[in-house]
Amino acid sequence: MQEKLDEIRAKAKAQIEEAADLDSLNDIRVALLGKKGELKTLLNSMKDVAPEDRPKVGQMVNEVREAIEGKLAEAKEKMEAEALKQKLSFEKIDVTLPAKRAKVGNSHPNTSVLEEVERIFTGMGFTVVEGPEVETDYYNFEALNIPANHPAKDEQDTFYITKDILLRTQTSPVQVREMEKGNLPIRMLAPGRVFRADEVDATHSPSFHQIEGMVIDKGITMSDLKGTLEQFVQELFGKDTKVKFRPHHFPFTEPSAEMDVSCFKCGGKGCRFCKGEGWIEILGCGMVHPRVLKMSGIDPEVYSGFAFGIGLERITLLKYEIDDMRLLYENDIRFLDQF
Ligand code: DAH
């Protein structure tokens, strides 16, 4: 028995010293100490040992097992340390290399302009509100004094979802939703996405943005409209900007106007930028139609108001002198990086 144990111990020592990796170390462990391992087999033959010798033999077997386990653990530790050393030398980091700066994004030009517009109007006491992009025919048309069969309905090529549900063609329905709440007076700004079935070109897109504005209070007149919008464009385009109101027609305002600003490139003399006009159209506006007030539950005998609608992309293109609207949507970083 003693001989046999010495043999196993010597063999184990040799095998462990020769083991090339952790896997073969494990194989050795199983072969020697496992359920069917040599040591176990030896223990099973205890029955052949005289009973008085059994404790001694048992102790011997244990000693050998402990010795083998110790050797295995020692070898394993050495191998793991070696593997770690190799890994570290592989992944060596040269901290003296020059740093690469992480790319930081920047605001989309539309976002920058919208934030500027919101800053100007909130400074004048306006509150920024939102309305749904999916609207009903009532809010998008009917309540804005655009009844069925009205030609204005065809002008705005509408994406219909059902006969009564559509993608809003303008942000004006938000006016109605605010008026219906009945919290007067109102000074609101409603920026948002609008949709029209237009072909894509340099000045059109099926989805673009408008900024709606409305003020309702007692005694609001056209001069409030003019003063507010003049203040707005002078903050946006510069102190010397002049405004001009041209009569126009919108079903929801009466009277209605389009507002031009003096060309901020040539100051009004006429240049390539303003196509020789000296003026650039930037928004539609007017005094809220009494019928529109009444439909939303506001008494036009007591209250009056003005409203306006700005095309956000139009302002962005002007302000940054971009000549193709598509550039705003392509998200080409080389383009967007410039702003
Ligand atoms: N909703 C109009 C459009 O899409 C723009 C507009 C014009 C809005 C006059 C207004 C307004 O609030 O008073 O063309």
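**Entry 1: the ligand**

I began at Gln210. An N or O atom in its side chain sits 2.9 Å from an oxygen atom of the ligand. I noted at once that this is a predicted model.

Next I looked at Gln170. One of its polar side-chain atoms is 2.7 Å from a nitrogen atom of the ligand. Then I turned to Ala307. Here the backbone takes part: an N or O atom of it lies 3.2 Å from a ligand oxygen atom. How much of the ligand's accessible area does the protein cover? On its own the ligand has 350 Å², and the protein covers 90% of that.

**Entry 2: the shell**

I listed the residues around the ligand and found 15. Gln170, Gln175, Arg196, Gln210 and Glu212 come nearest. I sorted the shell by type: 8 residues are polar, 5 nonpolar and 2 charged.

Which strands supply at least two residues each to this shell? I found β5 (207-217), β8 (279-288) and β9 (304-311).

**Entry 3: Gln175**

I went back to Gln175, one of the residues that come nearest to the ligand. I located Gln175 in helix α8, residues 173-181. Is Gln175 buried or exposed? Its relative accessibility is 1%. The cut-off for buried is under 20%, so Gln175 counts as buried.

I also checked its side chain for a partner. The side chains of Gln175 and Glu212 are joined by a polar contact of 2.6 Å. Glu212 is also on my list of residues that come nearest to the ligand.

**Entry 4: helix α5**

I moved on to α5, residues 109-123. I counted 15 residues in this helix. From first C-alpha to last, α5 reaches 21 Å, close to the 21 Å expected at 1.5 Å a residue.

Which residues of α5 are buried? I noted Pro109, Asn110, Val113, Val117, Ile120 and Phe121. They cover an arc of only 100° around the axis, so they lie on the same side of α5.

After α5 comes Gly125. I read its phi as positive, near 95°.

**Entry 5: Asp260**

My last stop was Asp260, in strand β7, residues 253-262. I looked up its relative accessibility and got 6%. With the cut-off at under 20%, Asp260 therefore counts as buried.

How far is Asp260 from Lys76? In sequence the two are 184 residues apart. In space I found 83 Å, C-alpha to C-alpha.

Technical notes
Residues are numbered from 1 along each chain as its sequence is written. This is a predicted model: local features need pLDDT of at least 70, side-chain atom pairs count only at pLDDT 80 or more; totals for chains, interfaces and linings use all residues. Side-chain values use heavy atoms; hydrogens and water are left out. A residue is near a molecule or strand if one of its heavy atoms lies within 4 Å of it. A polar contact is a pair of N or O atoms within 3.5 Å; within protein, one must be able to donate a hydrogen and the other to accept it, and residues adjacent in sequence count only if both atoms are side-chain atoms. Accessible areas come from the Shrake-Rupley method with a 1.4 Å probe; for residues, only the protein chains shown count as cover. Helices (H or I, at least four residues) and strands (E, at least two) are DSSP runs, numbered from the N terminus. Ala, Val, Leu, Ile, Met, Phe, Trp, Tyr, Cys and Pro count as nonpolar, Asp, Glu, Lys and Arg as charged, and the others, Gly among them, as polar. The expected span of a helix is 1.5 Å times one less than its number of residues. Buried means under 20% relative accessible area, exposed over 50%, partly exposed in between (1.4 Å probe, protein chains only). The arc is that of the directions from the helix axis to the C-beta atoms.
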